[in-house]
Amino acid sequence: MKRFCILTSVIACLVVLPTSARTPQEQRGAPDISGFWELSFDSRNVPRANLLPTLTRAKLDARAKKDAYAIRWCNLLGVPFIMDPGRPLDIRQGSTAIIIVPENSSPPRYLYTNRSAHISEDIFDPSTNGDSIARWEGDTLVADTVGFHGEHGITAIPGGGFRTEKSRLVERYRLLKDGSILSVTFTWTDPTVFRTPHSYEFRYQRLPATYEPRQWLSCDPFDEDRAKFLESPPSPKPAARAVSKE
Amino acid sequence: MRLRVVLVVTFLLSFAAPTVAHGQSAKMRLEGDWVRIDPDGVGSFGGLSGVIPPAQLLPGVSAPGGRGGRGGRGAPPTSGSGGPNPEGVPYIVVAQPCTGGGPGRSNGALLVNPDSGGIHFIEHKDEVIFAGERGGVRHIYIDGRSHPNVWTPTPAGHSVGRYEGNILMVETTGFMPGMVPGGGVRTAETRLLERFELSPDGNRLTVTYTWEDPKVYQKPHVYRYYFDRAPLVESKGTKVSYALEEWCDAGDPVEKQSIIPPKQIIK
């Protein structure tokens, strides 16, 4: 009996201690979605958004013009654009937050896992990325984002519509195919934009762990050639200056 | 009796284990939000630069113009060379205009020598992300990889790191040429060693920079920056900290100009 108790005690210690050395997420058995992730040509399933009838063509055009301004002047781009930035995303799961880093000059996203409430509207300044909190529901990471800025950055939402200060985004992140695919389902609600919640899904492909993000391409708002390129209709003839440079 | 003692100890250990876990994960405490501080009370960024010991360059090596430790969009420059103005000569402070999405700040090397903007660390077993509110993200690989054989120099260079207890040791090479605080110089061959060390209470971060380059320095150029945890704010009854977003619109006629210097009154 005595030996049995001692043995039981030792086993209990061996079981408990290594488990407790893991991070809280690991202890809960949550997966690790960290890695480098890339969208391919067939990675997007984006239905057309069901917009409110009050959103006239003129209003949508005005919004598109603002987005073009953000590109023209190298503004911060924000969500949802940085989830499909044309280059891979580096996602890292820390002990307090999950960071999503695009390969461009926009700031990364932080999905905070160390708090369950959004920052009070009284103190949170609306931003292009908003305030994101996340929790695990089984093998799915559910991120909830509010606090978007209604004007800053690229506001266009895939499938139609745009974000405003009243927008709410719920994302569900889930690993598929032994972790080689990261499925993210985005659901936008906004009483001023959508008639019904607008959902779409991206499936990111995992890049090799040895991948290294490249230096992003700089954006110079005072580059006149660039400004002309962005603001003028395309010409069938090559620009004289461009030819002379070659 | 012994049996009871063993059982009680085991029971207590099972509760003590989470505490041990925190202790074991203490090396991960770098994660979070930080702001650079001025522990010496010099009172200005010029003063902070002034307390950095001057780099001892080899003969024939000269630092490019300007001051290291400041970015193209960093702290506001002041008139003069950084020292006090002679009596009667006014100080003129001019804010840097918003210039859009450049490659980052902090003397051209992304977040090497951060300025007054908040910085944030996320620690993962393979990589530490070092992100700044005023632009720039550094990827510090801690998965055991080496520097690549072929590398095109970048503002932030290529960083690999490892933990030695609670200290994160980072080695960076492959910088684009530029300045280093204290009158130093960096090239693609220059090696930077950074030591990220937390105080015992975890609330003070000391970063020791050591620049090494036998073609540039007579001896390694060493200095330190200090950071505190970002102040917590009260939100819905809870103390929190979070990353802010620094908005900058180069298309805004107001933002893209320097602050108009106020009329100087000289008595």
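In strand 6 of chain A, A:Ser132 is the bridge partner of A:Leu111. The structure described here is a predicted model, with an ipTM of 0.86 and a pTM of 0.83. The pairing of A:Leu111 with A:Ser132 belongs to a parallel arrangement in which strand 5 of chain A is joined to strand 6 (residues 131-137) by two bridges. A:Leu111 also stands opposite A:Ile98. Strand 4 of chain A runs antiparallel to strand 5 of chain A, and four bridges join the two.

Chain A as a whole contains five helices and 10 strands. Of its 246 residues, 33% are buried. When contacts between residues at least 6 apart in sequence are considered, 59% of those in chain A join residues at least 24 apart. After helix 3 of chain A comes A:Cys74, which has a positive phi near 55°.

The largest nonpolar core has 80 residues, and A:Ile99, B:Ile129 and B:Phe130 have the most contacts inside it. The element that gives the most to this core is strand 4 of chain A (residues 97-102), which supplies five residues. Beyond four places in sequence, B:Phe130 touches B:Leu111, B:Ile119, B:Phe121, B:Arg138 and B:Ile140.

In chain B, nine strands form a closed barrel with mixed pairing, in the order 1-2-3-4-5-6-9-10-11. On average, neighbouring strands of this sheet are turned by 30° against each other, with direction ignored. Within chain B, strand 5 (residues 158-164) and strand 6 (residues 167-173) pair in the antiparallel sense over seven bridges. B:Gly161 is positioned opposite B:Val170 of strand 6 in chain B.

The loop between helix 2 (45-50) and strand 2 (119-123) of chain B includes B:Ala55. This residue counts as buried because B:Ala55 has 24 C-beta neighbours inside 10 Å, where the cut-off for burial is 20 or more. Not counting residues up to four places away in sequence, B:Ala55 touches B:Val180, B:Gly182, B:Gly183, B:Gly184, B:Tyr217 and B:His221. B:Ala55 and B:Pro220 are separated by 165 residues in sequence, yet their C-alpha atoms are 8.2 Å apart in space.

Confidence in chain B was also examined. The mean pLDDT of chain B is 78, and 67% of its residues reach 70 or more. Over residues 7-26 of chain B, pLDDT stays under 50, and the model has 20 contacts beyond four places in sequence for this segment. Residues 103-107 of chain B likewise have pLDDT under 50, with 31 contacts beyond four places in sequence in the model. Where pLDDT is low, predicted coordinates should not be read in detail.

Notes. Residues are numbered from 1 along each chain as its sequence is written. Chains are lettered from A and ligands numbered from 1 in the order in which they are written. This is a predicted model: local features need pLDDT of at least 70, side-chain atom pairs count only at pLDDT 80 or more; totals for chains, interfaces and linings use all residues. A residue is buried if 20 or more other C-beta atoms lie within 10 Å of its own, exposed if 12 or fewer, and partly exposed in between; C-beta atoms are placed from the backbone. Two residues are in contact if their C-beta atoms, placed from the backbone, lie within 7 Å. A nonpolar core is a set of buried Ala, Val, Leu, Ile, Met, Phe, Trp, Tyr and Cys residues joined through C-beta atoms within 7 Å. pLDDT is the predictor's confidence in each residue, from 0 to 100. Two strands pair if DSSP finds at least two bridges between them. Axes are lines fitted to C-alpha atoms, for helices over the stretch in contact, and angles run from 0 to 180 degrees between N-to-C directions.
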